[in-house]
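Student: I am new to this structure and would like a friendly tour. Please show me the model, and then let me ask about its parts.

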Amino acid sequence: MTDHRPIGVVIATRNRCDRLAVTLRHLTALPERPEILVADNASTDDTRALLARDFPEVRVLALPVNHGALARNHGARVLDTPYVAFSDDDSWWAPGALGRAVDLFDAHPRLGLIAARTLVGPSADPDPLNDVLAASPLGPATDLPGTQVLGFLACGAVVRRTAHLDAGGFHRLLFFGGEETLLAYDLAARGWGVTHCPDVVAHHHPDPAPRPDRPALQRRNALLTAWLRRPVPHALARTGALAAEARGDHQARRALRETLSRLPAALRERRPLPPHVERAARMLEGATV
């Protein structure tokens, strides 16, 4: 598909057609008119019928099975825009935010990912992560905008497409839940800048219903990230801490069990961070560098 628009939006979704419709109404009304691609993780509800009926201008990547966060990778490969913004089916971009992101990428060739300022819910409350990112001890870099970070919310991230693909995108072992840190590590390891730019704004309207599986998935993926990229003593210490918690916490037990089942694959794909990125990771953790 020939298209000269500089930025597109990839939305990963599964079985949430009502929320997806709200998101698409916001995105299709943006002044930047980004190309929009929905990477559908094998939905069994009315998602594909909705897209064909109400949003014929939106491209659809119909995945045969649920790929979790990797659906974003597949979408980024299909889109041929230089820059790609990620949305979830419950998030969208503020008018002008994507245009600002394009300007920042154009002006800073090393910039690989922008972590936006995220506003939550109908009252647009600042996400607590905004302050964490803004206060990052990594500080600014002379050739990058904003503040250097090694974390972001996927639904509030814009990437340089070539950087995302160069870093390998979201990792298959993590599937979903706290998958962002590993990508930030991998971008930084390849020399790409990852920064928080608060003038790029995303809106997130999460479902208020509890997600009981989420804590276990996030703990599992934090530990897998340690085994994939961090020094062995660090990964062992994190494993020991989770094992201690597992004695009295069923979420920790599940996280530990699922980590151990994936550990052989993680060790095969282990690629320790370069020293300067490891130092940055330790600084963010408050460890002695």
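**A tour by question**

Student: Which residues of H8 are buried?
Tutor: Let's settle two terms: helices (H or I, at least four residues) and strands (E, at least two) are DSSP runs numbered from the N terminus. Buried means under 20% relative accessible area, exposed over 50%, and partly exposed in between, with a 1.4 Å probe and protein chains only. By that cut-off, the buried residues of H8 are Arg214, Ala216, Leu217, Arg220, Asn221, Leu223, Leu224, Thr225, Ala226, Trp227, Leu228 and Arg229.

Student: What should I know about the model and its numbering?
Tutor: This is a predicted model, in which local features need pLDDT of at least 70 and side-chain atom pairs count only at pLDDT 80 or more, while totals for chains, interfaces and linings use all residues. Side-chain values use heavy atoms, leaving out hydrogens and water, and residues are numbered along each chain, as its sequence is written, from 1.

Student: How far does helix H8 reach from its first C-alpha to its last?
Tutor: H8 covers residues 214-229, which is 16 residues. The expected span is 1.5 Å times one less than the number of residues. The expected value is 22 Å, and the helix comes close to it, reaching 22 Å.

Student: How many of the 16 residues of H8 are buried?
Tutor: H8 is largely enclosed by the rest of the structure.

Student: Which helices do the buried residues of H8 pack against?
Tutor: Contact here means heavy atoms within 4.5 Å. The packing partners of those buried residues are helix H7 (180-189), helix H9 (232-246) and helix H10 (250-268).

Student: Are H7 and H8 roughly parallel or roughly antiparallel?
Tutor: Axes are lines fitted to C-alpha atoms, for helices over the stretch in contact, with angles from 0 to 180 degrees between N-to-C directions. Angles under 35 degrees count as roughly parallel, over 145 as roughly antiparallel, 65 to 115 as roughly perpendicular and the rest as oblique. These two axes come within 9 Å and cross at roughly 25°. H7 and H8 are therefore roughly parallel.

Student: Which residues of H7 and H8 make the contact?
Tutor: On the H8 side, we find Thr225, Leu228 and Arg229. On the H7 side, the contact comes from Thr181, Leu182, Tyr185 and Asp186.

Student: Which residues have the most contacts inside the largest nonpolar core?
Tutor: A nonpolar core is a set of buried Ala, Val, Leu, Ile, Met, Phe, Trp, Tyr and Cys residues joined through side-chain atoms within 4.5 Å. The largest one has 37 residues, and those with the most contacts inside it are Leu24, Trp93, Ile114, Val158 and Val200.

Student: Is Asp88 buried or exposed?
Tutor: Asp88 sits in strand E4 (residues 83-88). Setting aside residues up to four places away in sequence, Asp88 touches Ile11, Ala12, Thr23, Arg72 and Cys155. Its relative accessibility is 16%, so Asp88 counts as buried.

Student: What is the phi of Asn15 near?
Tutor: Asn15 lies in the loop between strand E1 (7-13) and helix H1 (17-28). With 31% relative accessibility, Asn15 counts as partly exposed. Its phi is positive in a residue other than glycine, near 55°.

Student: What separates the C-alpha atoms of Arg5 and Thr81?
Tutor: Arg5 is in the segment before E1. Beyond its neighbours within four places in sequence, Arg5 is in contact with Arg33, Pro34, Glu35, Thr81 and Pro82. Although Arg5 and Thr81 are 76 residues apart along the chain, their C-alpha atoms are separated by 6.5 Å.
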